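Me: Hi! I'm new to this one and would like a friendly walk through it. Can we take it a bit at a time?

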Amino acid sequence: MTPALYNPMGTTALVTGASSGLGVGFAHELARRGADLVLTARRLDRLEALAVDLAEKYGTVSTVIPLDLAAPGAVAELMRDLTDRDIRVSTLVNNAGFALFGSVVDAPADRVHDQVTVNVTALTELSHALLPGLQAAALAHPHGAALVNLASTAAFQPVPQLAVYAASKAYVLSLTEALWYETRGTGLKVTAVCPGPTETEFYAVARRSPGGPRRLMSVDEVMQAAFAALDAARTPPHVVAGTGNRITAWLAGSAPRRAVVTVTGRLSRR
Ligand SMILES: NC(=O)c1ccc[n+]([C@@H]2O[C@H](COP(=O)([O-])OP(=O)(O)OC[C@H]3O[C@@H](n4cnc5c(N)ncnc54)[C@H](OP(=O)(O)O)[C@@H]3O)[C@@H](O)[C@H]2O)c1
């Protein structure tokens with residue numbers, strides 16, 4: 001079957017967490033495919049530099065919106081901003097997110113709150129607010145509209161020392177797969193991207209080394225997996241980047257949960 005290439009040319013894509021790591025990767029590939037961008041994150045200087053880079057490389061227009069997604073009312077503010085600028089979003093990449101390592105009992109309450117707000121609440125509210133527009137865009141631009149939510153291989157099992165983060169990503173995976181089903185037949189491509197440990201600022205932000213001898217994936221490798229899913233004639237409800245990660249995710253889903261959490265608990269103590 002001929003692949004139904006995802007083609008956002010002439011549309012606008014919104015990427016959250018566009019100031020570093022995977023968000024920058026998504027912005028580049030979307031711009032390379034001819035989409036204009038809305039770039040949001042807290043670090044304005046990074047977003048402005050990226051907007052210039054994308055304009056020089058691909059000739060696309062980027063709108064930069066600095067925003068703290070953990071702040072009260074952030075998504076409502078973003079929606080007002082998009083309306084005021086008359087921007088219609090055809091692709092949403094809910095990429096912003098971060099992790100807090102350590103036992104839940106030791107975690108500062110405000111960091112736990114922010115983690116759930118960014119990883120879960122903002123992602124859900126933004127998906128909900130933009131979904132009608134994304135579906136309309138899918139009608140107007142066949143194969144040109146998408147909802148991409150960043151989950152993780154941490155979504156497939158509980159992870160002690162990373163408990164809130166893994167639970168937040170399990171939520172993202174579950175929500176996105178349900179949305180994939182709810183939007184079947186609308187033409188909207190919906191998928192949860194599940195990277196394993198990847199070379200970004202993620203571990204520096206979490207103040208933790210990735211641990212173990214395994215190689216970190218590159219942003220490019222994760223982008224290849226994400227856009228292969230979008231390019232598929234039938235975009236899958238989720239995509240795990242990397243063969244090893246796919247095997248581990250499958251094993252975690254197949255083994256008894258008590259055994260799985262015991263193994264992940266032991267591994268996370270290393
Ligand atoms: N790297 C990995 O190993 C890995 C593995 C699986 C899943 N993921 C997921 O991939 C996504 C991207 O992470 P990454 O690896 O690219 O990490 P990263 O380099 O640390 O990027 C995280 C992005 O999220 C933004 N962000 C964080 N807190 C925010 C807030 N309060 N408001 C708005 N934006 C915020 C950051 O921007 P500002 O700081 O400028 O606000 C940054 O652009 C995340 O959802 C992460 O959970 C990463």
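**Around the ligand**

Reply: Happy to! An oxygen atom of the ligand sits 2.5 Å from an N or O atom in the side chain of S20. Keep in mind that this is a predicted model.

Me: Ok, and how far is an oxygen atom of the ligand from an N or O atom in the side chain of R43?

Reply: That distance is 2.8 Å. The backbone takes part as well: a polar backbone atom of E201 is 3.1 Å from an oxygen atom of the ligand.

Me: How much of the ligand's accessible area does the protein cover?

Reply: The protein covers 96% of it, where the ligand on its own has 880 Å² of accessible area.

Me: Which elements give two or more residues to the shell around the ligand?

Reply: Those are helix 1 (21-32), helix 5 (163-182) and helix 6 (202-205). Helix 6 gives the largest share, three residues.

Me: And how many residues surround the ligand?

Reply: There are 31 of them, and the closest are S19, S20, R42, Y165 and T200.

Me: How do the residues of that shell divide into nonpolar, polar and charged?

Reply: The shell around the ligand has 16 nonpolar residues, 10 polar ones and five charged ones.

Me: Switching topic: how many salt bridges does a search of the whole structure find?

Reply: The search finds nine salt bridges. One of them joins the side chains of E201 and R46, with 3.0 Å from N to O.

Me: Where do E201 and R46 lie?

Reply: E201 is in the loop between strand 6 (189-194) and helix 6, while R46 is in helix 2 (residues 44-58), so the pair ties together parts that are 155 residues apart in sequence.

Me: Which residues line the largest cavity?

Reply: Its lining is made of T16, L69, N94, A96, V118, A122, L123 and L126. Helix 4 (residues 109-140) provides the largest share of that lining, four residues.

Me: Last one: how does anyone find where empty space is left?

Reply: A probe the size of a water molecule is rolled over the atoms, and that shows where empty space is left.

Notes. Residues numbered from 1 in each chain as written. Predicted model: local features only at pLDDT ≥ 70, side-chain atom pairs only at ≥ 80, totals over all residues. Heavy atoms only, no water. 1 Å grid on protein atoms, 1.4 Å probe; cavity = no way out; pocket = protein on both sides within 12 Å on 5 of 7 lines; lining within 4 Å. Near = heavy atom within 4 Å. Polar contact = N/O pair within 3.5 Å; in protein donor to acceptor, adjacent residues only side chain to side chain. Areas by Shrake-Rupley, 256 points an atom, 1.4 Å probe, with all protein chains shown as cover. Nonpolar A, V, L, I, M, F, W, Y, C, P; charged D, E, K, R; others polar. Salt bridge = Lys/Arg side-chain N within 4 Å of Asp/Glu carboxyl O.
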